[in-house]
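The following note was prepared for a colleague who is new to this structure. It is set out as numbered points, to be read beside the sequence and the three-dimensional view.

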Amino acid sequence: MPDIKNKKGRDVEFDEEILKARKRRNNINRFLMSYFKYFLVAIIFIILVLSFKFLLIPQYGEVMFTSNNVLQEKKTEFILQYQKLKDYENTINQFNAINSNDIYRVEKMIPNSYSRDDLFAEITYFLMTNNYKVENVEVLSLDQTSTTTNPDFNLDRRSDLKNQKATTSTSSDLYKKQLSFLPDNIGAWKIRVSVSGVDYFSLKKMLNILESNLKIIDIYYLDFQPADRIVSVDFLTYYKK
Amino acid sequence: MAESYIFLYNWKKQKEIENSYYLETEITATELKINNLKDQYVKAMEFERRLELSSAVLNNHVYWTNFFNFLEKNTLKDNVYYKSFSGDVYGGYILPAVSNDVLAVNFQSKVFSDNPNIISSSINEEEIVNDENTGKTHINFNFNFNLNPKIFTN
């Protein structure tokens, strides 16, 4: 009997618990039914805010940045082109303001590369027209200094070869120091000239003529024997490589 | 939201295209002007480079007339004569000379020693020569001196 009583008691407790649970669920459902729309609105609002913050704002920023970036690049490109144009115009205006005679003079000072034959003829003719008795003219390119001269172009072939042997040991390297001051893109010809019938005054005149010649001539070695009235000069003349 | 995102994406692309044409006319016009001036510019620049080369050479241009003027100015006119000259532009010289007066040789040496352009000077190989025919005496000597090489380029 007591077992039957106990069983009834447990069933009653179980039923009460089920009732309580149902009541709780009903309360929740009632609550949700009453406030569902508010929850929905809140969730949608949160989704909107997050999307706005993490998608739209960065995308808008990117639009603005890209737009400004392209504009800035174009502006920079235009400024660079404009500066280049102004630079061109300034350089050309400065060049046009130079007297054509001055341009000619500067081009003559350091002419473009020319042949050894031209130089030989030019130097010989230049001295002869100034009434100097030219005994020997020897022209050597410094790009190929070790090669021999072309004796056919010397006025006196034998005397040239003799002089070459006699003087290479004394003055053959002197020009190097002279060249060391100059930019690399300047080439030079080494010339040796012997002139006879020269006294001190005609030597000074000759030096003056060579020094003030439009094509720059730098004498680096000079030998004057008044008793024999002979002068030998070694000099460099230049060209643009 | 998706539409907004797509709108912004398309807007970005459109802006890129629109802005790529910004200043395009001006840039093209400037480039055209530059191209038209190119030949003149190259010629001017070539001249400028040549001028620089000429200046570099002219800065070291050698004037032997400076040297002989210096020698004339600092030599006793009536007493000392140079027999010959052989030398380069680097300043060291040995000049064979002759004088008709012993005191003049000494004085000449002092004139050179006192000159600021002469670094050092000395006299050697003196030789006194008596000419029996004329009864006159002269002195042969060598004049050694080191000159400031800048005299050739100043």
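This is a predicted model: local features need pLDDT of at least 70, side-chain atom pairs count only at pLDDT 80 or more; totals for chains, interfaces and linings use all residues.

The points below take up each chain in turn and then the contact between them.

1. Content of chain A. Chain A holds six helices and four strands. Followed along the sequence, these elements come in the pattern α-α-α-β-α-α-β-α-β-β. Chain A has 241 residues, of which 19% count as buried. Among the contacts of chain A with a separation of 6 or more, 65% are between residues 24 or more positions apart.

2. Strand β3(A), residues 217-225, pairs with strand β4(A), residues 230-240, in the antiparallel sense, and eight bridges join the two. Within this pairing, Ile217(A) has Thr237(A) of β4(A) opposite. Four residues lie between the strands of the hairpin, and Arg229(A) takes a positive phi near 55° there.

3. Burial of β3(A). Is this strand enclosed or open? Seven of the nine residues of β3(A) are buried, and the strand is therefore largely enclosed by the rest of the structure. For this count, a residue is buried if 20 or more other C-beta atoms lie within 10 Å of its own.

4. Content and extent of chain B. Chain B contains four helices and five strands, in the sequence pattern α-α-α-β-β-β-α-β-β. The radius of gyration of chain B is 37 Å, well over the 15 Å that the globule rule gives for 154 residues, so chain B is more spread out than a compact globule. The C-alpha trace of chain B spans about 125 × 35 × 20 Å along its principal axes. Of the 154 residues in chain B, 14% are buried. Residues 24 or more positions apart make up 60% of the contacts in chain B with a separation of 6 or more.

5. Domains of chain B. The domain assignment divides chain B into domain 1 (2-59) and domain 2 (64-152). The C-alpha centres of these two domains are 67 Å apart.

6. The sheet of chain B. Four strands of chain B form an open sheet in the order β1-β3-β5-β4, with antiparallel pairing. Strands β1 (80-82) and β4 (118-130) of chain B are its edges, each pairing on one side only. On average, neighbouring strands of this sheet are turned by 30° against each other, direction ignored. Helix α4(B), residues 102-114, packs on the sheet and touches β1, β3 (92-99), β4 and β5 of chain B. The direction of α4(B) makes about 170° with that of β4(B).

7. The pairing of β4(B) with β5(B). Strand β4(B) and strand β5(B), residues 137-147, run antiparallel and are joined by 10 bridges. One of the residue pairs is Ile118(B) with its bridge partner Leu147(B) in β5(B).

8. The contact between the chains. How many residues does each chain bring to the contact? Chain A brings 53 residues and chain B brings 46. On the side of chain B that touches chain A, α1 (2-20), α2 (24-59), α3 and β2 (85-88) of chain B each supply at least two residues. Helix α2(B) gives the most to this side, with 19 residues. By class, the side of chain B that touches chain A has 26 nonpolar, 12 polar and eight charged residues.

9. Asp223(A) stands opposite Ser86(B) in β2(B), and Leu222(A) stands opposite Gly87(B) in β2(B).

10. Which residues make the contact between α6(A) and α3(B)? Helix α6(A), residues 200-211, and helix α3(B), residues 64-73, pack at an angle of about 145°, and their axes lie 9 Å apart. The residues in contact are Lys204(A), Leu207(A), Asn208(A) and Glu211(A) from α6(A), with Trp64(B), Thr65(B) and Phe68(B) from α3(B). By class, this contact has three nonpolar, two polar and two charged residues.

Terms used
Residues are numbered from 1 along each chain as its sequence is written. Chains are lettered from A and ligands numbered from 1 in the order in which they are written. Axes are lines fitted to C-alpha atoms, for helices over the stretch in contact, and angles run from 0 to 180 degrees between N-to-C directions. Two residues are in contact if their C-beta atoms, placed from the backbone, lie within 7 Å. Ala, Val, Leu, Ile, Met, Phe, Trp, Tyr, Cys and Pro count as nonpolar, Asp, Glu, Lys and Arg as charged, and the others, Gly among them, as polar. Domain bounds come from an automatic or database domain assignment. Two strands pair if DSSP finds at least two bridges between them. The radius of gyration is taken over C-alpha atoms; the globule rule is 2.2 Å times the number of residues to the power 0.38. A residue is buried if 20 or more other C-beta atoms lie within 10 Å of its own, exposed if 12 or fewer, and partly exposed in between; C-beta atoms are placed from the backbone.
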